Amino acid sequence: MKKTNDKLTKTERERRDAERMQEAIDRVLAKLESGEKLDYVVNVNRAPAGSTIPPCWKYSLLNRLIIASAGTRDARTFKQWNDAGRSVLKGERASIFVYEPVFIKKEKENEETGESESAYILIGFRLSARFAVEQTDGDPIEYPEAVLPDFPMIEVARRMGLTIE
């Protein structure tokens, strides 16, 4: 029987997280090397009027690749699914782990004014669990259509016979 997070030592947690990171990267690389199309690797920063963008569509390319390689178009935290009107199905366990930045808040004195200012400094990344949309039930979600920006290189790729979707 596996230990829960509460019973893992720091070393065991670090080892488990390193294994999860490696599994995610290996899964992405295997999909890319096989030539298999990864659906849903989108980067949409604004939605058409009346629609919303799933939080994971704004993630880094690596995190979007991790989610797409898991075969889903949407992955969120337990709380994010509840906020969206959906609930994680009983017995489901988070199956997707993405990289999440870790910041610390530092106070420093402004040399010009002498006042204290706050600054957030990136100190690293941690794994954060996500549930796929297929692991949830509730209100239906309407996804906005991803529209490719007008990049001049898209036309060049099409002339070369490459498919851009």
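Five salt bridges are counted in the structure, a salt bridge being a side-chain nitrogen of Lys or Arg within 4 Å of a carboxyl oxygen of Asp or Glu. The structure is a predicted model, in which local features need pLDDT of at least 70 and side-chain atom pairs count only at pLDDT 80 or more, while totals for chains, interfaces and linings use all residues. Side-chain values use heavy atoms, without hydrogens and water, and residues are numbered from 1 along each chain as its sequence is written.

One of the salt bridges joins Asp83 and Lys79, with an N to O distance of 3.0 Å. Both residues belong to helix α3 (residues 78-83) and stand four residues apart, about one turn of the helix; helices are DSSP runs of H or I with at least four residues, strands are runs of E with at least two, and both are numbered from the N terminus. Asp83 has a relative accessible area of 57% and is exposed, and Lys79, at 56%, is exposed as well. Here exposed means over 50% relative accessible area, buried under 20%, and partly exposed in between (1.4 Å probe, protein chains only).

A salt bridge also forms between Arg130 and Glu100, whose closest N and O atoms are 3.7 Å apart. This pair links distant parts of the chain, since Arg130 lies in strand β4 (residues 116-132) and Glu100 in strand β3 (residues 96-109), 30 residues apart. Arg130 is buried, at 6% relative accessibility, whereas Glu100 is partly exposed, at 21%. Together with Arg126, these two residues are linked in a network of salt bridges.

Arg16 pairs with Asp17 in a further salt bridge, the closest N and O atoms lying 3.0 Å apart. Arg16 counts as buried, with 19% relative accessibility.
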